[in-house]
Amino acid sequence: MTKNIKTILAIETSCDETAAAVLTVADKKPFPQIKTLSSVINSQIKLHSKMGGVVPEIAARAHIKNILPVVKHALVTCNLSLTDLDYIAVTAGPGLMPSLIVGVEFAKALAMTTNKPIIPVNHMLGHLYSPLKQVESRKLKVESLFPMISLIVSGGHTMIVLMEDIKNYKVLGETVDDAAGEAFDKVAKLLKLPYPGGPEVSRLAEQSENPVDFPRPMINSKNYNFSFSGLKTAVLYYLQNQKLPATNYQLQANICAGFQNAAVDVLVTKTMRAVKEFGAKSVSLSGGVSANNSLREKLKVESKKLKVNFFVPEKGLRTDNAEMIGLAAAFMLYNGFKPKKYNQIKPDSNLSL
Ligand code: KG4
Ligand code: ZN
């Protein structure tokens, strides 16, 4: 029998999803045994799509309205109450400050009244650990996992991270301007497509008959950084030189496919270069842009060619959710993190990995 099972309530409000999840973690060597009991996500997409993007003030108000029912739902779903919890985990940053404050202050109030310790989680650590949920079900040995190269692509970040083992990681490169998801969203805006643009761009890209050939910024640079703002400008200039309106379906499809091909090519090429340089045994992909079929498929194919494992989170774990915050908290505990008292944590919109 596995001993020492801890129950974690995780809360995520860093951007426009109010989310809560309940997980258990058992201290089983050499890999923690983590079970998700519930995961509830209340997305504000409808609210923000009218405005063409996330409005922080509106997001915070919606979090205030939703957080109590969302947390309650997560607990009721698994038949637990606050007294059953061992820890409260919450996203402390990075993210939008008004949004972060709601989750953090709510978690602090819960921790204070129930006298439970709190685990402040870096949102990016949530994305980083999200693909590792599959290690147990795929019956993989820990020795065959690391070093791992992790590509994290979200609306706010683009990073290549070297995971040396289950605990130690190093950021190898980041975007120097727009994040990958942000670039998808901006291209969608140029084409007058609704927010969030990523899913729209990838849907249209699949309809293209003749993808536009766009540049691949920094694909040959000697580092692991990215730049997507020039690619977005190339799309803008291409569009300005067309006689057809931005709403023309075939034009939209060809631009979306061309943009996606370029972005995916840069992301995959640099990730696989890191795999070779660091002799990685696995590749993982996470963050909202991991919902992109083309990126997932290309990275999977390239990983297979190099005979390395490939991990991508299941559907509900790709875009923002609280389950990944609970997973990261579970790994933090497993790696020796000492939980805090409610008055020892505060939100930090620029928290770095
Ligand atoms: O990780 P996430 O939910 O939030 C942040 O932490 O930023 O990522 C959201 C981003 C948005 O920019 C959205 O357009 C993008 O993920 N996204 C996609 C797809 N689905 C979501 N980008 C490309 N293709 C998709 N299918
Ligand atoms: Zn995220």
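## Where to begin

At 14% relative accessibility, does Asp320 count as buried or exposed? Asp320 counts as buried, because its relative accessibility is 14% and buried means under 20% relative accessible area, with exposed set at over 50% and partly exposed in between (1.4 Å probe, protein chains only).

Before we go on, a word on the model. It is predicted, so local features need pLDDT of at least 70 and side-chain atom pairs count only at pLDDT 80 or more, while totals for chains, interfaces and linings use all residues. Residues are numbered from 1 along each chain as its sequence is written, chains are lettered from A and ligands numbered from 1 in the order in which they are written, and side-chain values use heavy atoms, leaving out hydrogens and water.

His127 counts as buried because its relative accessibility is 0%.

A polar side-chain atom of His127 lies 3.2 Å from an oxygen atom of ligand 1, a backbone N or O atom of Gly288 is 3.0 Å from an oxygen atom of ligand 1, and a polar side-chain atom of Asn292 is 3.1 Å from a nitrogen atom of ligand 1.

On its own, ligand 1 has 550 Å² of accessible area, and the protein covers 89% of that. Accessible areas come from the Shrake-Rupley method with a 1.4 Å probe; for residues, only the protein chains shown count as cover. Ligand 1 sits in the largest pocket.

For the pocket search, a 1 Å grid is laid over the protein atoms alone: a cavity is a set of points where a 1.4 Å probe fits but cannot get out, and a pocket is an open set with protein on both sides within 12 Å along at least five of seven lines; lining residues have an atom within 4 Å of a point. A molecule sits in one if more than half of its atoms lie within 2 Å of its grid points.

## Buried polar pairs

Two strand residues make side-chain polar contacts. Ser284, in strand 9 (residues 282–286), is buried at 0% relative accessibility, and its side chain makes a polar contact of 2.8 Å with the side chain of Ser150. Thr18 lies in strand 2 (residues 17–26) and is buried, with a relative accessible area of 0%; a polar contact of 2.8 Å joins the side chains of Thr18 and His63. A polar contact is a pair of N or O atoms within 3.5 Å; within protein, one must be able to donate a hydrogen and the other to accept it, and residues adjacent in sequence count only if both atoms are side-chain atoms.

## Backbone details

A cis peptide bond joins Gly93 and Pro94, with omega about -10°; Pro94 is found in the loop between strand 4 and helix 3 (97–114). The peptide bond from Phe146 to Pro147 is cis as well, with omega near 0°, and Pro147 lies in the loop between helix 5 (134–137) and strand 6 (148–153).

Asn115 is not a glycine, yet has a positive phi of about 60°. Asn115 is in the loop between helix 3 and strand 5 (118–122) and counts as exposed at 69% relative accessibility. Met218, in the loop between helix 7 and helix 8, has a positive phi near 60° and is partly exposed, with a relative accessible area of 26%.

Key: Helix = DSSP H or I, 4+ residues; strand = E, 2+ residues; numbered from the N terminus.
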